[in-house]
There are 2 protein chains.
Amino acid sequence: MIGIILCGHGHFATGLYSSIKLIAGEQENFDVIDYEEGMSSEALSEKLYHAIQKLHMVGDVVILTDIAGGTPFNESAKLSMEKENINVISGVNAPLLLDGCFKRDLPINQFVEEIVNSSKEGVKMFKRIS
Amino acid sequence: MIGIILCGHGHFATGLYSSIKLIAGEQENFDVIDYEEGMSSEALSEKLYHAIQKLHMVGDVVILTDIAGGTPFNESAKLSMEKENINVISGVNAPLLLDGCFKRDLPINQFVEEIVNSSKEGVKMFKRIS
């Protein structure tokens, strides 16, 4: 089973997880890490490191983050250099995460490809045009 | 100035806003509405209605939601049928919202097009490949 770590600035991670939990229920092998105001990047990295260690016992790991170039993404990318089979994705939205919750037994490359597609297909616009 | 309403299941909206606030600071003419467990769709609709009324005094309104087909998106779409110049978008992520914070004086159609592009461009993948 693919382990998932959800991590972002402020309460991005706990907020998004609370949304998905209402739709898809509680998830196993799933860690939620908030990078809160005042927290050092070292402290965040340590939390990510321990979550990766734990989830790697079950399978490959995907770290889902809020925004490329931010500390959660950067620290995740650094840690992914130290081990194989860690994927880091930025720009995560609810359709990506929801799709991911149902596909955690896919091979890792297919998993990443499919959830990234779901992310893009999940952006829909609606307006009255007349 | 384009008014923004951010709305989703659980604490999606307050969580995502807390992330963006750390990066771009507090936003004006910006409402954050959580659709919490146990809340009725009517109660959510009423909150959305009042937020739209308030923001419409300043300009056009864009409602950013977590997922198409969910109650926050559906109730927003219903309300957008009653008035002109309300756009509803699903699948919102941090790159979309961050870009939106800096472009609130654009014409509404251009605003929507640009932030949807930012949403898709903001989905990046990173892994060690050897």
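Two strands count as paired if DSSP finds at least two bridges between them; helices (H or I, at least four residues) and strands (E, at least two) are DSSP runs numbered from the N terminus. The model is predicted: local features need pLDDT of at least 70, side-chain atom pairs count only at pLDDT 80 or more, and totals for chains, interfaces and linings use all residues. Residues are numbered from 1 along each chain as its sequence is written, and chains are lettered from A and ligands numbered from 1 in the order in which they are written.

**First stop: a parallel pair in chain B**

Select residues 3–9 and 61–65 of chain B. These are strands E1 and E3, which run parallel and are joined by five bridges. Within this chain, B:Cys7 has B:Thr65 of E3(B) as its bridge partner.

**Second stop: the helices on the sheet**

Next, select residues 12–24 of chain B. This is helix H1, which packs on the sheet and touches E1 and E2 of chain B (contact: C-beta atoms, placed from the backbone, within 7 Å). The direction of H1(B) makes about 125 degrees with that of E1(B); axes are lines fitted to C-alpha atoms, for helices over the stretch in contact, and angles run from 0 to 180 degrees between N-to-C directions.

Then select residues 41–56 of chain B, helix H2. This helix also packs on the sheet, touching E1, E2, E3 and E4 (86–89) of chain B, and its direction makes about 175 degrees with that of E2(B).

Now display both chains. The sheet is open and has five strands in the order E5(A)-E4(B)-E3(B)-E1(B)-E2(B), with mixed pairing. Its edge strands, each pairing on one side only, are E5 (125–127) of chain A and E2 (30–35) of chain B. From one strand to the next, the twist averages 20 degrees.

Select E5(A) and E4(B) together: the two run antiparallel and are joined by three bridges. Here A:Lys127 has B:Asn87 as its bridge partner.

**Last stop: the interface**

In total, 43 residues of chain A are in contact with 43 residues of chain B. On the side of chain A that touches chain B, H1(A) gives the most, with nine residues.

A rotation of 180 degrees with 0.0 Å of shift along its axis superposes chain A on chain B (RMSD 0.0 Å), by least squares on the C-alpha atoms of residues with pLDDT of at least 70 in both. The two copies are thus related as by a two-fold rotation axis.

How values were computed
Two residues are in contact if their C-beta atoms, placed from the backbone, lie within 7 Å.
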